[in-house]
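Biologist: I am new to this structure and would like a short tour. Could you take me through it step by step?

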Amino acid sequence: MAKNSNLGQAKAAKNDEFYTQYVDIQKEVNAYIEYNPDVFRGKTILLPCDDPEWSNFTKFFAQNFEFFGLKKLISTSYAIESKKYKTDWQPTLFETENPLYNVDKSRVKGKIFTLTHDTNQNGRIDIDDLQWNYLEGDGDFRSAEVTALRDEADIIITNPPFSLFREFLAWIREREKSFLLIGNMNAVTYKEVFPLIKDNIIWLGSSFGSKTYLTTDGGTQTMGNTCWFTNIDHGRRHQPLQLMTKEDNLRFNKKLKGQEDYIRYANYDAIEVPYVELIPKDFDGIMGVPKSFLEKYCPEQFEIIGCAEGDSGKELGLVPFNRELKKLNKSLRDGQLYYMVDGKPEKPYARILIRKKQ
Ligand SMILES: C[S@@+](CC[C@H](N)C(=O)[O-])C[C@H]1O[C@@H](n2cnc3c(N)ncnc32)[C@H](O)[C@@H]1O
């Protein structure tokens, strides 16, 4: 048991150490700029949980400082000694050859990089104008000094440690800040996250699909299950899904071949829609759709009723599974939907319940 939990902790620590590619940041941020060219104008952006010496977040925003009309860019890093996942880290030449270099601080202090003006007087503000220093502490986002930087900032942008995603989001939301974060898609069903998505307080970003991240050993790692979470508006979420009628889906879509109608759940008054493309445009009742619907969700087109998973599902009244049902399908859990197939209960994957807006 102890061995397993150590392994779990090691895995979580390793899962926190991967770095975002420039091109992915650019693709996502461009969606906000296209929607509102002044979205960052006059704003202070904080990039916490970064390693400013080579973070692509820092590079991207420093290089676009003038184009975006930023007021200030602040980037902070977490001390190597505080990181749970150990690597054979060495300070960079950038640090060791700088007059500020301090061998006692290098491993145990976080760093702060700030950009406000043209320090080298070459006529433009860019990455060469970043000024840095050691932080008082290790750069933990929860520390008083990084929290003060949060309070100073208008917008917080990062790929935070996945193991602390809930805590990180709660930390941002202690103040009403704009944010853009990378997280695991599974976070949409967290009880701390789903109600915010349901109420349109936060939503998913613009770009999807698997992304390749840089790893500490100089390699890459592709992850299919990450996405952006934000409360900054972008155009994609106002584009309604193009859908067919129920009748046409049943007639023409091969995924429904042999079905006379959509399946109805046995424990909730709604139909099962196993693929987003099968959402019927003319159905007025509640529909259970895959989580990936949230990547296409347009709040003017649909409303979100709930999430049929865990605590959120229990709140919808999807409890309890009686002994007889459990005997027929041991994987049934309270909080989930099921439908009957040949006298046996079957459950779909995690479903979001939605309804067409009238
Ligand atoms: C997923 S990585 C992403 C790094 C960078 N933001 C990027 O996208 O390239 C998350 C980083 O947060 C750091 N981290 C872990 N715990 C932290 C904490 N409590 N406060 C600040 N940073 C932390 C990790 O060491 C890791 O470098």
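Biologist: Which strands do the buried residues of H8 pack against?

Modeller: The buried residues of H8 pack against S6 and S7, where packing rests on contacts, meaning C-beta atoms, placed from the backbone, within 7 Å. Please note that this is a predicted model: local features need pLDDT of at least 70, side-chain atom pairs count only at pLDDT 80 or more, and totals for chains, interfaces and linings use all residues. Residues are numbered from 1 along each chain as its sequence is written. Helices (H or I, at least four residues) and strands (E, at least two) are DSSP runs, numbered from the N terminus.

Biologist: Which residues of helix H8 are buried?

Modeller: In helix H8 (residues 165-173), they are Phe165, Phe168, Leu169 and Ile172. A residue is buried if 20 or more other C-beta atoms lie within 10 Å of its own, exposed if 12 or fewer, and partly exposed in between, with C-beta atoms placed from the backbone.

Biologist: Why are they on the same side of H8?

Modeller: They cover an arc of only 95 degrees around the axis, which puts them on the same side of H8; the arc is that of the directions from the helix axis to the C-beta atoms. An α-helix has 3.6 residues a turn, so residues three or four places apart point the same way.

Biologist: How do S6 and S7 run, parallel or antiparallel?

Modeller: Strand S6 (residues 155-158) and strand S7 (residues 178-184) run parallel and are joined by 4 bridges. Isoleucine 155, for example, has serine 178 in S7 as its bridge partner.

Biologist: What is the strand order in the sheet?

Modeller: The order is S5-S4-S3-S2-S6-S7-S11-S8, an open sheet of 8 strands with mixed pairing; two strands pair if DSSP finds at least two bridges between them. Strand S5 (131-134) and strand S8 (203-204) stand at the edges with a single partner strand each, so one side of each is left without a neighbour in the sheet.

Biologist: Now the ligand. How many residues surround it, and which are the closest?

Modeller: The ligand is surrounded by 20 residues, the closest being Tyr19, Thr20, Cys49, Tyr78 and Asn159; a residue is near a molecule if its C-beta atom, placed from the backbone, lies within 6 Å of it. Strand S1 (18-19) and helix H3 (56-63) are the elements that give two or more residues to this shell.

Biologist: Is tyrosine 78 buried or exposed, and where does it lie?

Modeller: Tyrosine 78 counts as buried because it has 21 C-beta neighbours inside 10 Å. It lies in the loop between strand S3 (72-76) and helix H5 (93-96). Leaving aside neighbours within four places in sequence, tyrosine 78 is in contact with Cys49, Lys83, Gly110, Asp138, Gly139 and Asp140.

Biologist: What about the domains: how is the chain divided?

Modeller: The chain is divided into domain 1 (14-238) and domain 2 (246-356), with bounds from an automatic or database domain assignment. Their contact takes 13 residues from domain 1 and 14 residues from domain 2. On the side of domain 1 that touches domain 2, helix H9 (194-198) and S8 each supply at least two residues, and H9 gives the most, with 3 residues.

Biologist: What lies in the loop between H9 and S8?

Modeller: Asparagine 200 is found there. Its phi is near 60 degrees, a positive value in a residue other than glycine. Asparagine 200 counts as partly exposed because it has 13 C-beta neighbours inside 10 Å.

Technical notes:
Contact = placed C-beta atoms within 7 Å.
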